[in-house]
Amino acid sequence: MTLKKRLGTTGYYVVSTVIAVVSMFPFLWMISTSLKSQGAIMSIPIQWIPQEPSGDAYVEVFTKFNFLRTVGNSLFISVSYTVITLLSSAMAAFAFAKVGFCGNDLLLKLYLATMMIPTQVTMIPLFVIMNKLSLINNFGSVILPSIFKPFAVFMLVQQMRAIPEDYLDAARIDGAGIFQVFRKIALPMCLPTLSTLAVTTFMESWNDYLWPLLMLTQREKMTLPIALSTLQGTYNPQYNVLMAGSLVSMVPIIIIYIMAQRNFKNGMMAGGIKG
Amino acid sequence: MPQKANRRGGPKKDGLLTAAPFLLPSLLGLLVFSLLPLLVSALISFTDWNGLDQLLAPGFLQEHFIGLENYKNILSGAELWKVLGNTGAYIIMYIPLMLAASLLEAYLLSSTRRGVSAFRVVYYLPVLTSWVAASLIWTSVLSPQYGAMNNLLALFGIQGPGWLLDEKWAMAAIVLVSVWKDAGFFGLILLSGMVGINKSYYEAASLDGAGTWKKFWRITVPLMSPAIFYVLIVALINAFQLFPQVMIMTDGGPNSATQVMVERIYRYGFRYFRMGYAAAFSWILFVIIMACTAIQMKAQKRWVNYDA
Amino acid sequence: MKKHLSAILASALALVLLMSACGPAASDPTKSPDNPDPKPSQQQDTPPADQPVTITYSNYNASGGNEETLQKMYEAFHEEYPNITVEIETIAYNDYFTQLQTRVSGGTAPDCYELNIENFAAYANKGALAEITGVDFSGLDETSLNAFNVDGKQYGLPGKFSNVVLFYNKDLFDQAKIDYPTADWTQDDLQKAAEAIRALGDDIYGYYQPLTYNEFYKVVAQFGGSLLNADKTEFTINAPENVAAAQMMADRILVSNVQPNEVQMGGIGDWDLFMSGRLGMMPTGIWAFNTFAEGCKFDWDITVEPGKEQKATHFFSDACVINNASDKKEAAATWITWLTSSDKAAAIRIEAGWDLPAIKDQSTLSAYLDITPPANRQAVFDSLNYLVVPPVIEDYSLMSDIIGQKLSAAAAGTLTVQEALDQAQSECQAQISLK
């Protein structure tokens, strides 16, 4: 190894580690807070590592509501939400990027425009629509909006445009129909983007709070963020419980993220083959 | 327009008919879950609806219609301009910082060195944290006296500011936290653009004796410009809609230094019972975002490269 | 090609129109009627009393520790009224009102629910609430009842109430060698004590009463002022008494500094400052008892807040109300009346230490006095003699936000007190029309 290369490697690890520490630090603080008793949280000087670690906050998270049922609700909603988002958005993106039709660009601009609407204002009209569709207290009200996700469509259009036409033409010459081209060529070529989207969509749905709160008012339909929020008192926030709850609810997202990472690698290889 | 679509590909005979089955679900969603509520909210913006009477009940419009009154009041008042100024300050700080941070992260993660996959998880942790938890942690980290940040700065002999409690620093603090939270998300999008770049370009450049820095600017950045473009569009839209971190960390304060558009919309609609006013506010925001995005779209032709 | 596009748009528009046309007309029998007119509570729209009925009750006060207490109350109620089933929804405070407002305007509000005083007037004036009739709520405290009475009609029953007393750290008083505060104290006595405690150390403070809207309207009452004129037709925010009140509060931060400013507070909460043993006195709610009993490692006690021209203490209450669009008003009234005024509910509430039931009957309340700390629990009841009710107007939140923002600028020293109140006055006049 030349000196220059070694310096480069050292520099790389120094910079990456600094960023890693910055990213991790508040997260470690969360863990530390979740293990403290209510009194120790505000002690001065700061207790970086809890002097008397206690699992009380976690006990509260796991016992104060029907944990399994709540997690089940959340999982069902988030998985359906993610699958529908990916499928519907990939299909739309394929139509935009690879089929092409009149009004193509205009419609895509309309999609983009809908991202610019602050959700706070369409919330009440949308609530009324869901009510007319009799979907209140039905998981459908939370899952169905996933068929239209302009962010995902927009991102996939960018990715699909980068797929060379030759690939599609080659498949067509082999006699593949348009659906096969979509399934066999377009989807696999978008795998890195789809993986990224899967993670972010799942996370968005998993952490979503306000909309499920409006739509699912029955106790047995509660999702995890709503159930966690009820652990909070009106006057004095219990930081340890809040942090314990946040950490517990992060676990599935982290697992999904780590799983999706494999596809990022595959995607990289696909990118390599392309040339 | 059709020629354009065809130029990018797609068999010539293809058109609406072929596209229809692919578009249908998404289009249905567009109509029911986006355009229809949007239409209703436009209607609301011409009313003095309080957000409590039943929406669109018989006689709703007769009772509440006030024409352009809301728009007139907003555009003639001082509040909109102050709030736009605050939002602008956020955007000017946030966009360059976020882009720099996420490019750096993407670059580091595109390496093939050992340990990269661990970094990839760690860099993404802030994104996986909910805003509620993240805001609470940062509030305590940025506490002027007891917080970790100023204690750290003190080690270097720097007297830290009051951050969230200081009118001059509050927005900067919000930017800092937002960059921390978002860099991983945008970094990952940029990464997927970065790994798609053909290795042969780098090999050719190396033969020409180009260094890392030069390769980054001459090859990586231009070839991943579609991803950068996407990130800029999405980041700008998000930045205009800045909301949860402000609500939890400063609640618009101190001395209204962090009052921003969506925070106002929320407050008028759900705290002050002026839903019509809030709807008009959000339509004004909508138009502003649309104008900014249109400018970006126009400008993309100069620098975004789709032929990678 | 253009034709195709217009075909898409046309069909889109058609669908939109179809949706909006069939929207309000389609009625779901399980949902509330689309009639927005306030309708008096009628006997005929509720099923006969012997029919089983299920109602929904939405609340935020039970969240974070008292869900089981509320459940216990409901079980006791259900034993007495087996025909009435109550589905209890407990939602965290932060987004409770957003959810509620959406449900009210969407026509799916719960049959009965809880409202805080800030939102009560708006809901009542806008016709969302039903007058509570046909039940006996004479056991409830009159001051509390009056807070939820609009133009002679009772729209809410006080679910619980709480007030504010002066908490003090006995150890710091001992160290400063001064007498403990008493119920006779005035703001001047308090100032002297605060200065003596402030002198004990650089990071020890005498008093903490933030210059917020809530504290302000109370101190204003102590100075003999008021934010509105007597018949609530004019703002009087910058009246001389009010300026004097705000000036005293601001000076404690900026001049004598017996009270920490925002940066000296450093982002920790006022309760945490008190529990850390570095604060001599603070007025705060009696809901702090449980937390302080657990968290304070020093002796503390309470007394009635000091006054100026007169005494004035806070009164907080939440209302249990009935949805005007509900078709089960009678059952809802039965439940909320039982919940707020029955002996059983009161006993369960006191046992759990969950605020105070707003009932007249002192014998039920006496159990409350036996719990220590604080030793001087009697001060909780003594304070009731000086209650001030916040100036309830329809645009309450907007008014309190405007005044609060100006006051915090005064507390930071960016505006003088006079400027702050002048600006608050003119902004309130411009943005709020009083009836």
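# A tour of three chains

Start by selecting R274(B), which is partly exposed, with a relative accessible area of 22%. (Buried means under 20% relative accessible area, exposed over 50%, and partly exposed in between, with a 1.4 Å probe and protein chains only.) This is a predicted model, in which local features need pLDDT of at least 70, side-chain atom pairs count only at pLDDT 80 or more, and totals for chains, interfaces and linings use all residues. Residues are numbered from 1 along each chain as its sequence is written, chains are lettered from A and ligands numbered from 1 in the order in which they are written, and side-chain values use heavy atoms, with hydrogens and water left out.

**Stop 1: from chain B to chain C**

(A salt bridge is a side-chain nitrogen of Lys or Arg within 4 Å of a carboxyl oxygen of Asp or Glu.) R274(B) sits in the loop between helix 14 (261-270) and helix 15 (275-303) of chain B, and D395(C) in the loop between strand 11 (387-388) and helix 17 (396-412) of chain C, so the pair joins two chains. (Helices, H or I with at least four residues, and strands, E with at least two, are DSSP runs numbered from the N terminus.) D395(C) is buried, at 14% relative accessible area.

Now select E79(B), D251(B), E263(B), R264(B), R267(B) and D401(C). Salt bridges that share partners link these residues into one network. Zoom in on E263(B) and R264(B): their closest N and O atoms are 3.1 Å apart in a salt bridge. E263(B) is buried at 1%. R264(B) is buried too, at 3%.

**Stop 2**

Select helix 8 (residues 213-222) and helix 17 of chain C. Their axes come within 9 Å and cross at roughly 90°. (Axes are lines fitted to C-alpha atoms, for helices over the stretch in contact, and angles run from 0 to 180 degrees between N-to-C directions.) The two helices are therefore roughly perpendicular to each other, a label for angles of 65 to 115 degrees.

Display side chains next. Helix 8 of chain C brings Y213(C), N214(C), F216(C) and Y217(C) to the contact, and helix 17 of chain C brings Y396(C), M399(C), S400(C), I403(C), G404(C) and L407(C). (Contact means heavy atoms within 4.5 Å.) These residues divide into seven nonpolar, three polar and no charged.

**Stop 2: chain A against chain B**

Show chains A and B. Here 90 residues of chain A touch 95 residues of chain B. The two chains bury about 8,400 Å² between them, 76% of it on carbon and sulfur atoms. (Buried area is the accessible area, 1.4 Å probe, that two parts lose on being put together, summed over both.) Salt bridges between chain A and chain B number zero.

**Stop 3: inside chain A**

Select K149(A) and E204(A). They meet in a salt bridge, 3.4 Å from N to O. K149(A) lies in the loop between helix 7 (139-143) and helix 8 (150-161) of chain A, and E204(A) in helix 11 (residues 191-207) of chain A, so the pair ties together parts 55 residues apart in sequence. E204(A) is partly exposed, at 39%.

**Stop 5**

Go to S134(A), in the loop between helix 6 (119-132) and helix 7 of chain A. S134(A) has a positive phi of about 55° although it is not a glycine. It is partly exposed, at 41%.

Finish at W163(B), in the loop between helix 8 (148-155) and helix 9 (170-194) of chain B. W163(B) is not a glycine either, yet its phi is positive, at about 45°. W163(B) is buried, at 8%.

Notes:
Angles under 35 degrees count as roughly parallel, over 145 as roughly antiparallel, 65 to 115 as roughly perpendicular and the rest as oblique. Ala, Val, Leu, Ile, Met, Phe, Trp, Tyr, Cys and Pro count as nonpolar, Asp, Glu, Lys and Arg as charged, and the others, Gly among them, as polar.
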